[in-house]
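Thanks for coming, everyone. Please bring up the structure on your screens, and we will walk through it together.

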Amino acid sequence: ASPSIAASLFGALDYLTAYPYGCTEQTMSSFLPNVVVAQALKAVKTTSIKDSASLQKKVQKGLDRLYGFQHEDGGWGWWKDDPTDPFMTAYVVDGLQMARSAGFAVENYRLNRGRDKIKKLLEANKNEDNKPIDLEDRAYLVYALNASAEEDARYVLDLFGKRGNLQPYGRALLALALRARGDKGRAEQVAGEIEKSARANDLDAHWESTRRPMLDFTEENNTEATALSLKALAQLKPESVVLPKAARWLV
């Protein structure tokens with residue numbers, strides 16, 4: 001028996017904390033949850049984890065590893081010496097900004113170099129292999145840029161004009177980027193479109209999305225698409241009846 005679906009969050013906090021290791025993606029997949037858990041411990045005083053004393057060390061270890069993986073061009077790839085990857089660069093810049101917002105000391109020039117690389121990727125609209133950047137990845141680049149600092153509106157406005165081609169994953173990132181810019185009108189418009197596109201029934205709701213081909217495989221991206229859509233609606237339409245249904249689906 002559980003008093004609410006929110007109770008499931010408390011048991012997840014210990015599971016999420018991990019020691020960063022491996023490649024850039026593996027490091028980020030430990031580092032970012034550590035930051036999220038640290039935020040949760042600050043925001044909800046009744047939460048606790050078994051090993052809270054080492055959390056700060058884990059976050060710092062993650063920062064040090066990410067600094068070491070940063071390429072000469074300011075971006076990040078899967079490894080230290082491979083081509084810079086648009087998704088991975090957005091992933092790390094997003095994570096560094098979240099860590100800074102959570103109160104951790106992040107080296108500004110690392111973040112600034114990453115942001116400069118994002119601008120170059122958006123301008124070229126192609127990766128190091130000369131292939132066009134996937135529109136969902138472009139949405140993540142635009143979001144990471146706007147969430148970390150005020151930026152030229154043309155990138156996000158261009159994406160807004162192409163939102164009909166975005167999957168729910170990218171559309172949620174667009175809504176969050178617009179909110180970060182303070183563009184309330186367009187942000188709420190996209191939030192309304194997100195709300196209407198939910199696959200909902202009397203019990204729950206979710207959004208369906210497909211991950212771009214990476215490492216020779218593709219797969220459904222419904223969990224991340226639903227989590228991001230929920231995040232966007234929570235910030236832009238907190239009264240939406242879809243919110244509790246989406247939360248239930250995620251649990």
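Start with two helices, α8 and α10. On the α8 side, the contact uses P168, Y169, A172, L173, A175, L176 and R179. On the α10 side, E224, A225, L228, S229, K231, A232, Q235 and L236 meet them. Sort those residues by class. The contact of α8 with α10 has 10 nonpolar, 2 polar and 3 charged residues.

One thing to keep in mind: this is a predicted model.

How do we describe a pair like this? Two packed helices are described by the angle between their axes and the distance between the axes. Now the values. Helix α8 covers residues 168-181, and helix α10 covers residues 222-236. They pack at an angle of about 30 degrees. Their axes are 8 Å apart. Angles under 35 degrees count as roughly parallel. So α8 and α10 are roughly parallel to each other. The crossing of α8 past α10 is left-handed.

Stay on α8 for two of its residues. Take A177, which sits in this helix. Is A177 buried or exposed? Its relative accessibility is 0%, so A177 counts as buried. What does A177 touch, leaving out residues up to four places away in sequence? The answer is V142, Y143, N146 and V156. Also look at A187. A177 and A187 are 10 residues apart in sequence, and their C-alpha atoms are 8.1 Å apart in space.

Next, A180, also placed in helix α8. A180 has a relative accessible area of 41%. Apart from residues up to four places away in sequence, A180 touches N146 and A147. A180 and Y19 are 161 residues apart in sequence, and 30 Å apart in space, C-alpha to C-alpha.

Helix α7 spans residues 154-161. The axes of α6 and α7 come within 10 Å. They cross at roughly 145 degrees. This crossing is left-handed. Which residues make the contact? From α6, they are L135, R138, A139, V142, L145 and N146. From α7, they are Y155, V156, D158 and L159. By class, the contact of α6 with α7 has 7 nonpolar, 1 polar and 2 charged residues.

With 38% relative accessibility, D152 counts as partly exposed. What does the side chain of D152 join? A polar contact of 3.0 Å links it to the side chain of R154. Compare G68, 84 residues from D152 along the chain. The C-alpha atoms of D152 and G68 are separated by 29 Å.

Now another aspartate, D85. You will find D85 in the loop between α3 and α4. Helix α3 is 55-69, and α4 is 86-101. D85 has a relative accessible area of 13%. Buried means under 20%, so D85 is buried. Which backbone nitrogens lie by its side chain? The backbone nitrogen of F87 is 3.1 Å from a polar atom of the D85 side chain. The D85 side chain also reaches the backbone nitrogen of M88, at 2.9 Å.

Next is helix α5, residues 108-124. R110 lies there. Its relative accessible area is 15%, so R110 is buried. Set aside the neighbours within four places in sequence. R110 is then in contact with Y67, Q70 and W76.

Last stop: backbone angles. Most residues other than glycine have a negative phi. Two asparagines here have a positive one. N125 is in the loop between α5 and α6. Its phi is near 55 degrees. N125 counts as partly exposed, at 31% relative accessibility. N130 is found in the loop between α5 and α6 too. Its phi is positive, about 70 degrees, although N130 is not a glycine. At 54% relative accessibility, N130 counts as exposed.

That is the tour. Questions, please.

Key: Residues are numbered from 1 along each chain as its sequence is written. This is a predicted model: local features need pLDDT of at least 70, side-chain atom pairs count only at pLDDT 80 or more; totals for chains, interfaces and linings use all residues. Side-chain values use heavy atoms; hydrogens and water are left out. Axes are lines fitted to C-alpha atoms, for helices over the stretch in contact, and angles run from 0 to 180 degrees between N-to-C directions. Helices (H or I, at least four residues) and strands (E, at least two) are DSSP runs, numbered from the N terminus. Angles under 35 degrees count as roughly parallel, over 145 as roughly antiparallel, 65 to 115 as roughly perpendicular and the rest as oblique. A crossing is left-handed if the near helix is turned anticlockwise from the far one by less than a right angle, and right-handed if clockwise. Contact means heavy atoms within 4.5 Å. Ala, Val, Leu, Ile, Met, Phe, Trp, Tyr, Cys and Pro count as nonpolar, Asp, Glu, Lys and Arg as charged, and the others, Gly among them, as polar. Buried means under 20% relative accessible area, exposed over 50%, partly exposed in between (1.4 Å probe, protein chains only). A polar contact is a pair of N or O atoms within 3.5 Å; within protein, one must be able to donate a hydrogen and the other to accept it, and residues adjacent in sequence count only if both atoms are side-chain atoms.
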